[in-house]
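Please open the structure in your viewer and keep the selection panel at hand. The tour below goes from one selection to the next and says what is to be found at each stop.

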Amino acid sequence: MEQFLLDLKREKYNGSYDLAYKTINHLRKIITQTRWANANELMAIIREAGKRMVSAQPSEYVIGNMVRRVLKIIREEYVRIQGESEESVNKGSLHKMVTSDQDFQDFNTPLKELKTIVMEAVNEYIDEMEASIHNIAAQAVEHIHSDEVILTVGKSRTVEAFLKQAAKKRKFHVIVVEGAPLYHGHELAKSLASKKIETTVVTDSAVFAMMSRVNKVIIGTHSVLANGGLKAVNGAHMVALAARQHAVPVIVLGAMFKLCLLHHSALGGNEASFNRLSSPQEVMDHYEGGTEILSDVQIYCPTFDYVPPELVTLFISNIGGNAPSYMYRLLSELYHPDDHEL
Amino acid sequence: MERTAGGDQNSGLTAEQKKQLKKERRKAKVSGKATQSTTQVQTSFPGTDASSSNVLQKSKAELRAERRAKQEADRAAKAAMKAEQTSGGSKLKGPQVPANIQADDPKVQKKAAKKLEKQQVPQRAEGQKKVALFSHLHQYERSLSITSNMGFGNTGIHPAIIQLGLQYAEGLITGSNARCAALISAVCRVIKDYVTPQHKELSRDLEMKLKPAISYLNQCRPLSVSMGSAIKFMKLQISVCRKMSDSEAKSRLVDSLREFVRVNIVLAGKAISDSACTKISDGDVVMIYGNSSLITRVLCDAHKVGRNFRVVVVDSRPKLAGRGALRRLRQAGIQCSYVLVSAASYIMPEVTKVVLGAHGLLSNGYVMGSVGTSMVAMAAKACGVPVIVCCEAYKFCERVQADSFVNNEIGDPRDLLVKTNSHKSNPSLLDEEDWKQMDSLKVLHLTYDVTPPDYVAMVVTELGKIPCTSVPVVLRVRSTDT
C-alpha cells in the first residue's frame with residue numbers, strides 16, 4: 001500500500017488508463033488480502049484506502065472514480081445476493097422512504113459467497129476497461145466519412161486507435177496540432193503517417209486559420225466532469241473556441257472510467273487540484289529565462305484546460321455516444337449517491 | 001440587298017473573322033440540309049405531293065434568308081465590339097489576380113518565370129513536400145542560396161538590394177516597419193549611385209531599373225503590405241520628377257523617401273503612442289502577442305508617463321518572437337509574464353485589455369497579423385476582454401480576404417522540426433529524416449492569419465481611433481491627399 005502511495009505521489013504512471021488499471025488492481029488486492037466480515041466492513045476498508053490514495057494525488061480524479069466504482073459494485077452484488085433487484089438500491093424515492101420498513105440496506109449480514117462474487121464483478125469491470133479503447137475505436141466508421149478533414153490536439157491513445165480504425169475503411173486527412181510545449185502532436189502525427197493516413201502538423205497558433213477548412217474536431221480528454229465539461233490537455237480550450245466560431249462539431253472520446261463526480265469551480269478554491277502548473281523549463285529554458293533581465297518574469301505552463309460543456313457536441317464512450325447534457329445521468333449508473341463523499 | 005450592306009463591313013473583317021464566318025455558313029448549310037432531309041423524310045411517308053415540294057422549296061429559301069440574317073447580326077456585333085475596344089480601352093479589364101497566389105496554374109507560372117528571366121532575377125525552386133491545401137501558394141524551402149548564380153555589374157541588381165534580399169530571406173530583418181525602413185534606405189543608396197545612361201530619361205529608366213530589384217526581393221521573401229505601400233509611393237515620386245536635372249531629381253527623390261519613413265513610421269508611431277496611452281489605465285493587465293515594434297513603443301511610453309500596469313506576453317512557435325518583446329519590456333522595467341498561445345485562455349481571466357499589432361489592415365475590415373493573432377483575439381472575445389489594434393495608416397491596403405487560405409506566406413517547414421541527430425530539446429519532436437521519409441506526413445508553417453473585425457473593438461491609427469470597418473474610408477482620404 002505504501003509503495004503504491006509513493007508511486008502516486010511521484011506520478012509513476014503513464015496516462016489515465018494506466019493509472020486506472022493500477023488503482024483497480026490495487027483495490028482488488030485489498031479485497032482479497034484483508035480480512036473483513038461483512039459488506040459494511042469491506043466498504044469501510046475500501047473507503048479508507050481510497051481517501052489516502054486521493055489525498056496522495058488530488059489532481060487525478062481517476063483514483064476516486066475507481067474507488068467509488070468498486071463500492072458501487074459491492075453494493076450491487078450484495079443486494080443481488082439478497083434477492084432484491086439492483087435498482088431498488090439506487091432509488092431513494094419518497095415512496096420507498098415512507099412505505100418501506102427498513103430504510104436502507106445495512107449491509108451487515110455476512111455472506112459467504114460475497115467475496116467470490118465481488119471478485120468476479122471486479123474482474124468483469126477490469127475486462128470492460130481493457131476493452132474500452134477497442135469499443136470506442138469500433139464506432140469510428142460511424143462518425144468519419146470520406147475526404148473529411150479532422151483536427152486533433154496532442155496525443156491521445158483513444159484518438160489514435162479511433163483514427164487508425166477508421167482509416168482501414170475510409171480515406172481522410174488529419175491535421176494534428178503540435179501541442180507545445182510538450183509536442184505530443186508530433187508523436188501522434190508520426191504514428192498516423194506510418195499507417196498511411198494523410199497527416200499535416202501545424203503549430204498551435206494556426207488553429208483559427210485552419211479551422212475554416214476542418215470538418216470535425218476529435219479530441220481525447222483526461223477526465224469528464226459531472227456537468228459534461230472536460231478536463232483536457234492544454235490547448236484544447238482554444239481549439240474548442242475556434243471550432244465554435246466556425247460551427248465545427250467537437251467530438252470527445254473517452255472511456256466511462258474517466259467520468260467523475262466533481263464539478264469545476266473556476267473561482268479560487270478548486271483551482272489548486274484542478275490544474276497542475278508544470279515546470280516553466282518547458283516554455284522557456286533556464287539558459288534564456290535565467291538571464292538577469294528575464295529572471296523576474298512569471299512563466300506559466302498549465303497542464304490541463306477546462307472546456308465547458310457548451311463547446312462540446314458529442315461524447316463517444318465505450319457504451320455509445322451521448323450529448324454532454326446527458327452525462328450527469330450516467331453518473332447514477334456508475335456511482336452510488338452515498339459514496340459521493342468518500 | 002443585304003449583300004451590299006454586308007460588303008461594306010466585310011472589308012473591316014480580319015482573316016480570322018472571315019474564317020469563322022465561313023465555318024458558320026457551313027454549319028448553317030449542314031443544319032439546313034438536315035432539316036431539309038427530315039422534311040423530305042416526313043413528306044415521303046404520306047406520299048409526295050406537288051404542294052409538298054413547293055413547301056420544301058419555300059423552306060429552303062426561308063432557311064437561306066435566316067442564315068443570312070444571322071450572319072449579318074454576327075458581323076455587326078463583332079464590328080461594334082471592335083469599335084468599343086479601341087475607344088474604351090481597359091474598361092473590360094477587371095482587377096488582375098496576382099501570380100503569387102496561382103502557383104498551381106502552370107501557364108501563369110511559365111509567364112512569371114519568363115518575366116524573371118528577362119529581368120535576370122534568379123528563381124527559387126519549389127519545395128519537395130507541399131501541403132495540398134495550399135497548393136495555390138508558393139512553398140519554398142531554405143536550401144541553396146538564391147544568389148549563388150547572380151552576377152555583379154552595371155546591368156545587374158545593385159549590391160545593396162542583394163544584401164537586403166538575403167537579410168529578408170534569412171529572417172535577419174523582421175517586422176513590417178523594419179522591413180519597410182530597410183527597403184527605403186537600400187533604394188536611397190541605389191538612387192545615389194544611379195547614373196542616367198545617355199539618351200534615356202531618369203524617370204523612365206530608374207523605374208525600369210527598380211523593377212528587377214523588386215522582383216528579386218519578392219523572390220527572397222514575399223513583399224509585405226508596408227513594403228507594397230512604400231513601393232507605390234516610390235513609383236509615384238519617380239514619375240513626378242520629369243522635367244528636372246539629374247542631380248536635382250535624385251536629391252528630391254531621396255528626400256521624399258526619407259520623409260515618407262519619418263512621417264509614416266516615426267511620427268505616426270508617436271501619435272499612436274500618445275493616443276493609445278490614454279487607453280491604458282492604472283492597474284491594467286495588458287496582453288500582447290508576438291513582437292511588434294509599435295506595441296512595445298506604446299507600452300514603454302505608457303510606462304514612462306507613469307502608468308502602473310503589467311504585461312502578459314503571449315508567444316508561439318516557431319519564431320518565438322515574443323521573447324524579443326519580453327526583453328525590451330523588461331529593459332524598460334515593466335513587470336511581465338510569459339505564456340505560450342495554447343495557455344492564452346488559461347490566463348485570460350486575469351487580463352483587462354489586449355493590445356495587438358498588425359501586419360496590414362484589409363479593406364473589408366479584417367486584420368492581417370502574424371499567425372496566432374486571431375487565436376488571442378478569439379480568446380479575448382470569449383472572456384469579454386476588449387481588443388485594441390494599433391496600426392499605422394500606411395499599412396492599410398485595398399485587398400480583401402475572408403480567410404487565411406487564399407493569400408498567405410508559407411514559411412520553411414523545417415523551422416518546426418529538429419535537425420537529424422542533433423540534440424533534441426524535447427524527445428517528441430519530429431526530426432527532418434522522419435519528415436522526409438514518410439510520404440503521408442506534411443508539416444505546415446503559416447506566417448499570417450486574418451482576424452475578423454467583430455473581435456476587434458477599436459483600431460488606433462495616427463488619424464484617430466476608428467472601427468475596423470472604416471479602412472476603405474481612410475484609404476480614400478489618403479489617396480485624395482497625395
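Begin by selecting the two domains of chain A, where 23 residues of domain 1 of chain A are in contact with 18 residues of domain 2 of chain A. Keep in mind throughout that this is a predicted model. To make the selection, take residues 2-130 of chain A for domain 1 and residues 134-334 of chain A for domain 2.

The size of an interface is often given as the accessible area lost when the parts come together. Between domain 1 of chain A and domain 2 of chain A this buried area comes to about 1,600 Å², with carbon and sulfur atoms giving 49% of it. Select A:Ser59, A:Tyr61 and A:Asn65, which are the residues of domain 1 of chain A that lose the most area to domain 2 of chain A and which together make up 36% of what that side buries.

What holds for charged and polar pairs at this boundary can be checked in turn. The count of salt bridges between domain 1 of chain A and domain 2 of chain A is 0, while 5 residue pairs in polar contact are found across the same interface of domain 1 of chain A and domain 2 of chain A. Now colour helix 2 (16-33), helix 4 (61-82) and helix 7 (114-130) of chain A, each of which supplies at least two residues of the side of domain 1 that touches domain 2. Helix 4 of chain A gives the most to that side, with 8 residues. Sorted by class, the side of domain 1 of chain A that touches domain 2 of chain A holds 9 nonpolar, 7 polar and 7 charged residues.

Now bring chain B into view and select where it meets chain A. Here 52 residues of chain B are in contact with 52 residues of chain A, and the two chains bury about 4,600 Å² between them, 65% of it on carbon and sulfur atoms. Pick out B:Ser342, B:Tyr346 and B:Ser440, which supply 14% of the area that chain B buries against chain A, more than any other three residues.

How many salt bridges cross the interface of chain B and chain A? There are 4 salt bridges, and one of them joins A:Glu178 to B:Arg317, with the closest N and O atoms 3.0 Å apart. Among the elements that give two or more residues to the side of chain B that touches chain A are helix 11 (322-332), strand 3 (335-340) and helix 13 (373-382) of chain B. That side of chain B divides into 32 nonpolar, 11 polar and 9 charged residues.

For the last stop, select strand 8 (residues 298-299) of chain A together with strand 3 of chain B, which pair in the parallel sense over 2 bridges. In this pairing A:Gln298 stands opposite B:Ser337.

Note on methods: Residues numbered from 1 in each chain as written. Chains lettered and ligands numbered in written order. Predicted model: local features only at pLDDT ≥ 70, side-chain atom pairs only at ≥ 80, totals over all residues. Heavy atoms only, no water. Contact = heavy atoms within 4.5 Å. Buried area = accessible area lost by both parts, 1.4 Å probe. Salt bridge = Lys/Arg side-chain N within 4 Å of Asp/Glu carboxyl O. Helix = DSSP H or I, 4+ residues; strand = E, 2+ residues; numbered from the N terminus. Nonpolar A, V, L, I, M, F, W, Y, C, P; charged D, E, K, R; others polar. Pairing = 2+ DSSP bridges. Domains from an automatic or database assignment. Polar contact = N/O pair within 3.5 Å; in protein donor to acceptor, adjacent residues only side chain to side chain.
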